[in-house]
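Student: I have not seen this structure before. Please take me through it by question and answer.

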Amino acid sequence: MRKLIGALSLVAMFLAEASGAATGSFLGKDKLWRPRQSLVFYLIDNEGDGFKAELDIRDMNVYQEGERPAFVFVVAPSGEVVQQLFIADDGIVKGNFEYKDGIFDMYLDLRYREYHRVHSPGGTPPGKCRSPALGNPEKLPARSFTLDVPAAGKGIYRIYVGGCWDHWVSLSTSRVMPCGIYPGAGAMYAHADQLRESYMYVPRNVQDVSFAVSGEVAPFDRGLKVYDASGKKLAETPTGRIVNFDIWRKAAGGQVVKLELDGSGTGTCLHVKGAPFILFPDAESAKTVRGGFIDEHETAIDPDQLLIMQWAAKITDAELKVSKPMAKKLETVLKAQNLDRNSPNFGKMKNSADMRLLTQAVKKGGDPALVKRLLLAVANKKITRWGHNFSFDGNEAPATFPAQSAWLFRSCWWPLNDGGHAGAMLAAKPHLKDVPTEVNAAMKRLFEKWSLARMVMEQGLCSNQWSYDLYHMAEAQEYTESEQIKKVLDFQVKRFCTENNLGRSNPDTYPTSFHSQVKYTAAADTGMIGGGVPAEVLGHDSQYSLESTSNMYRIWAEFRYPEILAWLEKYYALKTHMTVSRTAEAPTQTFTGTCSPADFNSRTRYYTHKSPIDDAHDLITYGKLWRGQTGSKPWPFLEDGSFVRTIDNTYFFVKTPSYYMVAYGGSAFPPYVLWNAPEFSGNSMSFAGYGNPGYGAYQYMVKKPGGISALWIPGCGPVLMGSNHNVMFTNAVWGKISKPVCKKHKPDVDPYVVSESFAAPQVEFDQNKRVLVKSGVIPYTPLKFSREITMLDNHIAVKLELTSEKDFQFSELYEAIPLFPDNRVITTARGVLELPPVIITPVNKTSADKKQWGINPDIKPVQTKFISVLANSGKGASIEFEKDVEVTFAQPLKYRREAATMSAASIQLPNKWTEGEKFTFSYLIKVK
C-alpha cells in the first residue's frame, strides 16, 4: 500500500492568501456552498509543490439533529489519498423546529413541500418559517481547519467534503487555483448569485443531458438557460412549478456548455443528469478538467480505475480458457459470459445469479481462468462505473430520458450494493498470484476511497442500504486488510448501533412524537430509534430491519463488534414480543410457523421471519427461540401468568392466562411520504397526489395505527392479526367519501377511501388499568374518533365513540376487525362461514383487480350478533356485539405462498352524520 503523505494540522492563523480566489472563482471565504451530503472540489494545480487549503464550516443546526460530523480527504493526481480530516460536530445536537421546513433528501423534500402546499393554510407547513441563515449563512459562526496538501505533482486534486444539509462550507487556498465543484449524488444548491453563470464539460459519449431547477418556496421564478460556445441555446427551463426542466436530446458532446441561472431567492437547486455534473466559473477550467476524465476515450476518472480497466482489456483468450472439467451449471454460466472483445460489455456476466455462482466456484477452487473471468466481470460491472461521488455505481452514465419523468432531478441516495464486488474479491484473494501486484493495489485503493467517502455517510432514510454498505465495507476490509477501511467501519458500526445517532428528520410532529424515550426536540425517527429499530423511511419497516440484522450479523461474525450484539439483543426483544406462533404451540420453524402484525411497518405489508444470525442466536436472550430451540426465556405469548410490557412507550404487550395481545402506540406514517404522484405540465412537474406504498400494498397510505394489532389465544393460536395490505385488514374505522382526496394516479389506489388508520392519533396507555385509548380525526372528514380498549383477564372490551364536527355524508363507513382464518372455523349467526379460496397477491406489482385488494363482491354481507374464530379444538374467541350488525368479510389473501392468510370483518356503521352527532359502538372479545 502506498504510504499516506503529510499530516493534518488545525491552525488559528489566517493564511497568507486566504481568499484563494480570482474573479469568478468558486474559492474564497465569501463563497459558501451547501452540501446535501457531499461536495467534491476539483483543483487545478499547475505547480505541484504543495499548498495549504483552509476549510470553513458553519452549521445551521436546523434540518438534521444528532451529531453531524464532517469528513474531508484529498486525492492527488496520482489517485493517492494524501490528506484526511475528521471534523467533529459543533456540539449542538437539537434542531430548531420553527425553521425546520424541509428534509435533507431531495426527493422526500419535494414531496413534503408539495403535500403542505395542498393541505396546509397558506401552502406552508404549520408553525414554520424560513431560517434567516438560508439567506445570510455568512452570519453563522465558522470553524476553520487547515489541510497541508503535500507536493504530489501537477494535475487535478480532488477534495472530498462529506457533511450534511445543515452545513455551509467554503474552501480557500494559499495560492490562486482554478476550481470546480461536483455536488455528490444530490443537487447543487444555488446560493445567492454564485451559480448565475457557470460552465461544464459535456463528454463525447453522452446521449441525452437533462437540466432541471427545483425550488423550495414559491414563486419558483429561477430559470436556467444552457448555451454552446457559439451562443446557440441548447436548453431552457420554464418557471412556476416546483421542478422545471429541459432535455438536450442527442447531445453533441466533446464541448463546454454555459449555464445561466436567473432569478433570485433561497432554496433553489440545480440538477444535471446524463453528463458529469462538475461546474466551473469559467470555460477554460471546465475544458481543462474535461469532466474529470483522464483517458483519451473519456471512460475513466481515476488512475486506479484506469489501471484495472487497461489490465482487464489485455487479458488473453488463453487466460480465460478453463482447462479443468466443470459442473454443468457452471459451464452454462461461463458460456453466457460476454467474451466479445468488440462489445462494450466485454466480460459481463448474464446476471447477478451467474456472478454469484462464479464467485462461489472461485472460492472453492481458484482455477486461474475462473479467477481471471471473475476479475474481468468485476472490472466491467463495477470498475468501469467508478463515479465522481466515489461510488462503484455512481458514474454519470449516458442516458436517454423519457419526455416526462420524475427522475430528471437528482436525489441524494447512495447506490444500493455498489460495493458488492468486495465479496468477489474476497473469494479470489487466495488465488491472485497471477494478477499483477499493481492491479491488486489499485483495487485496494479504490475500496479505500470508496470507504472514506462513507465515513459520515447519511443513510437514515434508507437503513437497509446503510447496512449493505457496511457489510460490503467489512468484506472489503477482509480482502484489503486496510487500516483505512477498518477506521471507517469502526466509526460507522458504532454510529449505526447507537440510539439517537441521527435524531429526527421529519419536520412535523404528532401527538406521539413525544412518547418515545429516544428523542431530541421530538422522537428520533432516523438512524437507531426506540426498541433498537434501524429506522426506515421515518419508522419501523420490518422487512428492511430484517435485512439490517442479516447484514450487521455478517459484520459481527468477522469482527465481533460488541455494539452489534447489544443492538441484536434489544431489537430481538421487540421482534420476539411482536411475534406469535400460527398454532397453539411454540414454533419449530420460525419462517413458516410464525406471524406478526404488519401495522408497525412504515410501508410494507408483511413481516419476514427469517432470522439469519447463526451463532449470535446463542448470545442474545431470545435468540435460540428463532432456531426452534428452548431459550433462557420462553416466547412471550407462552409465558405463565400475566404481564404488561411496553417498549419505548410505543409497542404494548399484554399477557393474561387467557390471551396475549399486541398493540401499537406510535406515530402514523407521515402522509407526505406517499404524496409522490407526479403531474406534468409541459416541461414542469409537481407532485399532485398520492401514489401507493409499494411492495404490493393497496390504497395510498399504510395502515399503521390500528387498535388491536394481534390477539393470540392459548389452545388455539392467533384469532386477530392486523396487516398493512388494505384499510379493511386493520382494527380501525374506514370508509369512502364522495369527493376524492386527489386525482387517481395509480390503478390500485382508490382516492375516495379514508380511514382512522391514516390519522396521527393521540395515544394514552394506562399500564395499571390495562386501558389503551387512541383518538383523533379521520383525515379528509369531520369525524372524530376515540377508541378505548380495556384488557380484562378473560375478555377485551372495545368502545368506539364517533362524533361529527359538521354535517357529512359518507358513501360507506365501517369498523374493521382483522381476522386470522388459517385452520380456523369462523361462525356467525347464519352458521359456519365459507370464504372463497385464498389468493396470493403480487409483491411488487399493482393491479386494478379488487379481489387482490381484499374486495370480493361474491362475498355477501351477513347479519349477525357475533363472529367466532375457533381452532378445531374449540378454543378461540368470539366477537360479540350489542345488537345485530351487518358484516362484510374480506377476500382471504396471502402476500406470498409461505405467509399466513389474512382476512377481516367490516361492520357497517352509519354513513350520514349531522353536526354534533355522537355515535357509540361497542363489542366484547371473549375467550372461548
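Tutor: One definition comes first: a residue is buried when its relative accessible area is under 20% and exposed when it is over 50%. Note also that this is a predicted model.

Student: Which exposed residues does the face of α4 turned away from its buried side carry?

Tutor: Helix α4 covers residues 328-336, and its buried residues are L330, V333 and L334. Seen down the axis of α4, these fall within an arc of 95°, so they line one face of the helix. An α-helix has 3.6 residues a turn, so residues three or four places apart point the same way. The face turned away from the buried side of α4 carries the exposed residues K328, K329, T332 and K335.

Student: How many helices and strands does the chain have, and what is its radius of gyration?

Tutor: The chain has 13 helices and 44 strands. For 928 residues the globule rule gives 30 Å, and the chain is as compact as a globular protein of that length, because its radius of gyration is close to that value, at 29 Å.

Student: What percentage of the 928 residues in the chain is buried?

Tutor: The accessible surface of the chain comes to about 32,900 Å², with 51% of it belonging to carbon and sulfur atoms. Residues under the 20% cut-off count as buried. In the chain, the buried share of the 928 residues is 63%.

How values were computed. Residues numbered from 1 in each chain as written. Predicted model: local features only at pLDDT ≥ 70, side-chain atom pairs only at ≥ 80, totals over all residues. Heavy atoms only, no water. Helix = DSSP H or I, 4+ residues; strand = E, 2+ residues; numbered from the N terminus. Rg over C-alpha atoms; globule rule 2.2 N^0.38 Å. Buried < 20%, exposed > 50% of the residue type's maximum accessible area, 1.4 Å probe, protein only. Areas by Shrake-Rupley, 256 points an atom, 1.4 Å probe, with all protein chains shown as cover. Arc of directions from axis to C-beta.
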